[in-house]
Structure formats: C-alpha cells, structure tokens
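Here's a quick briefing to read with the model open next to you. Have a look at the fold first, then work through the points below.

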Amino acid sequence: MRRPFIAGNWKMNLDRQTSVALASELSRRLGDWADHKQVDVAVCPPSCYIDVVVSAVDRNLLGVGAQNLYHQ
C-alpha cells in the first residue's frame, strides 16, 4: 500500500514572515501528532521563500518543495 502524501501549494498568498510562521507551526504540530510517520507532509512556498522556510522546519517531519513557474 502506498503511503499517503499531503502537500500545500501556497502560490503567492503569503509574505516571507507569514510563510515562516506557518511552516514552523505546522512542523511543530506534526511533531506532536502521534501518526505523523504514517503520512508524508510537505509545503510548497513561493520560490523566493524556500530558503527561510527550509531553515524554519524540522525536515524529518515536514518536506519542502517548489512550485512550478507556470503562468496560470
């Protein structure tokens, strides 16, 4: 059976500070969730915030991905 994967793609809806706050809080809460090892979870912030989001999360709990650059 495949392991479930949940990812959030933020588009350009958040600024730098809000992106970091959301990702770090999500990472913290995943650590408190007993079943977090049963599901892969990731966020995909705007590319200009990937570096700060990666620094703000526990990569063992929360993956960080990139969005595509498609115009729509």
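**Briefing: the fold and a few residues to look at**

Let's start at W10, which sits in the loop between β1 (5-9) and α1. Keep in mind that this is a predicted model.

**Overall fold**
- The protein has two helices and three strands, and going from the N terminus they come in the order β-α-β-α-β.
- Along the principal axes, the C-alpha trace covers about 35 × 25 × 15 Å.
- Take the contacts with a separation of 6 or more: 63% of them link residues 24 or more positions apart.

**Surface and charge**
- Of the 72 residues, 28% are buried.
- The accessible surface is about 5,200 Å², and carbon and sulfur atoms own 53% of that.
- There are 8 positive and 7 negative charges, and their mean positions lie 5 Å apart.

**The nonpolar core**
- The largest nonpolar core has 12 residues: W10, A23, L30, V39, V41, V43, Y49, V53, V57, L61, L62 and V64.
- Two elements, α1 (16-32) and β2 (40-44), each put at least two residues into this core.
- V43 is one of the core residues. Setting aside residues up to four places away in sequence, V43 touches G8, W10, L26, V53, L62, G63, V64 and G65.

- W10 has 10% relative accessibility, so it counts as buried, the cut-off being under 20%.
- Beyond residues up to four places away in sequence, W10 touches S19, L22, A23, V43, C44, P45, P46, V53 and Q67.
- One of those partners is P46. W10 and P46 are 36 residues apart in sequence, yet 6.8 Å apart in space, C-alpha to C-alpha.

**V64, in the β3 strand**
- V64 belongs to strand β3 (residues 63-64) and is another member of the largest nonpolar core.
- With a relative accessible area of 18%, V64 falls under the 20% limit and is therefore buried.
- Its contacts, leaving out neighbours within four places in sequence, are V43, P45, I50, V53, V54, V57 and R59.
- V64 and V54 are 10 residues apart along the chain, and their C-alpha atoms are separated by 6.5 Å.

- Aside from neighbours within four places in sequence, S27 is in contact with V57, D58, L61 and L62. V57, L61 and L62 are also on the list for the largest nonpolar core.

**N68, out in the open**
- N68 is in the segment after β3.
- N68 has a relative accessible area of 57%, and because that is over 50%, this residue is exposed.

Note on methods: Residues numbered from 1 in each chain as written. Predicted model: local features only at pLDDT ≥ 70, side-chain atom pairs only at ≥ 80, totals over all residues. Heavy atoms only, no water. Core = buried A, V, L, I, M, F, W, Y, C linked by side-chain atoms within 4.5 Å. Buried < 20%, exposed > 50% of the residue type's maximum accessible area, 1.4 Å probe, protein only. Helix = DSSP H or I, 4+ residues; strand = E, 2+ residues; numbered from the N terminus. Contact = heavy atoms within 4.5 Å. Areas by Shrake-Rupley, 256 points an atom, 1.4 Å probe, with all protein chains shown as cover. Lys, Arg positive; Asp, Glu negative; His and termini not counted. Charge placed at Lys NZ, Arg CZ, Asp CG, Glu CD.
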